[in-house]
Each structure stands twice: as C-alpha cells, then as structure tokens.
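The sequence and the coordinates are shown first.

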Amino acid sequence: AGALLSAIQIVPFLEYLAQSEAFVTRGASSMNQWFAPASAIIAGIVPDFFGNPADGTYLTRSNRFGIPTNYAEHVLYPGIAVVLLAPVGFAARRGEWRARFFATAAILSCALMFGLPGVLHAASTVPFLDVMILSRFGLIVILSTIVLAAYAVDRLTSGEPARWRIDRTV
C-alpha cells in the first residue's frame with residue numbers, strides 16, 4: 001500500500017532522473033569524481049583560507065580529476081570549540097556505541113568527502129553513491145563532530161569524575 005501511494009511521486013522522479021543531464025554526466029565515468037580536493041582540509045581549520053566568494057577573493061579549488069568544488073561544500077568548519085571538544089567527547093564516552101557510531105560516521109564521511117582511494121573505489125560501486133556529490137558528506141562530518149562535542153560538554157558539566165582521569169592519592 002505504501003509503495004502504491006508513493007508511486008505517484010516516485011515514477012515521475014525516476015522518469016526525470018533518466019533524463020537528467022547531471023545524472024548522465026556523473027554516471028559517464030566508472031569512478032565517482034565529485035569529491036572535495038585534499039587541500040580543502042585546511043578550510044576545516046581556517047574557513048576563509050582560500051578566500052570568500054562574498055568579497056570576491058575566493059580561489060576555486062579543484063580535485064585531482066579537475067572538478068571544481070563549491071565553496072559551501074568544502075568549508076568544513078563547525079567551530080574551533082567543537083573541533084577541540086569532539087575528541088574529548090569521544091574519550092569520555094568511548095565505551096558507548098553511540099560515541100563509536102558518531103566517530104565512525106565522521107571518519108567515513110570525511111574519507112568519502114575527500115575521495116580517499118580505497119573508499120572512493122568502494123563508493124563508486126554502490127548505486128546512487130556512484131553519482132552523488134561526495135563533498136556534501138561534510139554535513140555528516142559536522143553533525144557527528146557536534147554530537148561528540150556535546151558529549152564532552154555533558155561530561156564536563158555533569159559533576160561526575162571523568163573516566164580518563166587517574167585519581168592518585170598520596
């Protein structure tokens with residue numbers, strides 16, 4: 001029943017998708033080429049290192065296949081406090097499956113976003129992931145980093161002793 005109800009939207013979408021120039025262009029290569037260049041990692045620490053399109057100083061970055069990226073897609077910056085607190089949050093909750101989940105999601109999304117060779121080859125064999133703009137996985141990296149930082153803030157403000165501290169009595 002759900003499939004029949006959703007068919008009214010899915011069938012026209014699939015028809016449009018088959019005629020989409022972007023879908024055809026991205027599917028023309030056996031390897032997904034739509035990822036952020038490695039040099040964009042710098043923008044995760046210093047957001048406007050390559051300039052900003054708002055003031056006309058942006059230097060377009062291209063990945064190893066020569067595909068230029070969008071400024072908003074490769075600026076991976078949740079904030080310096082979040083970046084510093086995320087490892088603390090993971091360390092504070094490393095025994096919990098949620099912390100491991102978000103840390104793994106951040107690492108895998110970062111690997112997809114920047115097109116690491118083994119990960120890029122695997123992603124190129126998965127339907128829809130083979131034509132997806134991988135640099136958009138930065139949103140998952142930011143979300144996972146924020147959640148891990150929230151774990152740190154929760155632990156630091158809870159008043160209970162942290163697990164990573166060693167209490168020594170003299």
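Phe-128 is found in the loop between helix 6 and helix 7, in what is a predicted model. With a relative accessibility of 54%, Phe-128 counts as exposed, because the cut-off for that class is over 50%. Most residues other than glycine have a negative phi.

The loop between helix 6 (117–123) and helix 7 also holds Ser-135, and this residue is buried, with a relative accessible area of 2%. When neighbours within four places in sequence are left aside, Ser-135 is in contact with Trp-34, Phe-35, Ala-36, Glu-73 and Met-113.

**Helix 7 and its partners**

Helix 7, which covers residues 138–157, has 20 residues and reaches 28 Å from its first C-alpha to its last, close to the 28 Å expected at 1.5 Å a residue. Its buried residues are Gly-138, Val-141, Ile-142, Ser-144, Thr-145, Val-147, Leu-148, Ala-149, Tyr-151, Ala-152 and Arg-155, and what covers them includes helix 4 and helix 5 (97–113). Helix 7 is followed by Gly-159, whose phi is positive, near 85 degrees.

Two packed helices are described by the angle between their axes and the distance between the axes. The table sets out these values for the two partners of helix 7 treated here.

| Helix pair | Angle between axes | Distance between axes |
|---|---|---|
| Helix 4 and helix 7 | roughly 70 degrees | within 6 Å |
| Helix 5 and helix 7 | about 150 degrees | 8 Å |

Helix 5 passes helix 7 in a left-handed crossing. On the side of helix 5, the residues that meet helix 7 are Arg-98, Ala-99, Phe-102, Ala-103, Ala-105, Ala-106, Ser-109, Cys-110 and Met-113, and on the side of helix 7 they are Gly-138, Ile-140, Val-141, Ser-144, Val-147, Leu-148 and Tyr-151. Sorted by class, the residues of this contact of helix 5 with helix 7 divide into 12 nonpolar, 3 polar and 1 charged.

The axes of helix 4 (residues 80–92) and helix 7 cross at roughly 70 degrees, and the two helices are therefore roughly perpendicular to each other. Helix 4, too, passes helix 7 in a left-handed crossing. In this contact Val-82, Val-83, Leu-85, Ala-86, Val-88, Gly-89, Phe-90 and Ala-92 of helix 4 meet Thr-145, Ile-146, Leu-148, Ala-149, Tyr-151, Ala-152, Val-153, Arg-155 and Leu-156 of helix 7. The contact of helix 4 with helix 7 has 14 nonpolar, 2 polar and 1 charged residues.

Ile-80 is also found in helix 4, and at 45% relative accessibility this residue counts as partly exposed. The C-alpha atoms of Ile-80 and Gly-44 are separated by 9.2 Å, although the two residues are 36 residues apart along the chain.

**The loop between helix 2 and helix 3**

Which residues does Asn-32 contact, leaving aside its neighbours within four places in sequence? Asn-32, whose place is in the loop between helix 2 and helix 3, is in contact with Phe-65, Leu-120, Ser-124, Leu-129, Asp-130, Val-131, Met-132 and Leu-134. At 0% relative accessibility Asn-32 counts as buried. From Asn-32 to Val-82, 50 residues apart along the chain, the C-alpha separation is 30 Å.

Phe-65 has its place in the loop between helix 2 (21–27) and helix 3 (71–74), and at 38% relative accessibility Phe-65 counts as partly exposed. Not counting residues up to four places away in sequence, Phe-65 touches Met-31, Asn-32, Gln-33, Phe-35 and Leu-120. Phe-65 and Phe-13, which are 52 residues apart in sequence, lie 29 Å apart in space, C-alpha to C-alpha.

Note on methods. Residues numbered from 1 in each chain as written. Predicted model: local features only at pLDDT ≥ 70, side-chain atom pairs only at ≥ 80, totals over all residues. Heavy atoms only, no water. Axes fitted to C-alpha atoms, helices over the stretch in contact; angles between N-to-C directions. Helix = DSSP H or I, 4+ residues; strand = E, 2+ residues; numbered from the N terminus. Parallel < 35°, antiparallel > 145°, perpendicular 65-115°, else oblique. Left-handed = near helix turned anticlockwise from the far one by under 90°. Contact = heavy atoms within 4.5 Å. Nonpolar A, V, L, I, M, F, W, Y, C, P; charged D, E, K, R; others polar. Buried < 20%, exposed > 50% of the residue type's maximum accessible area, 1.4 Å probe, protein only. Expected span 1.5 Å × (residues − 1).
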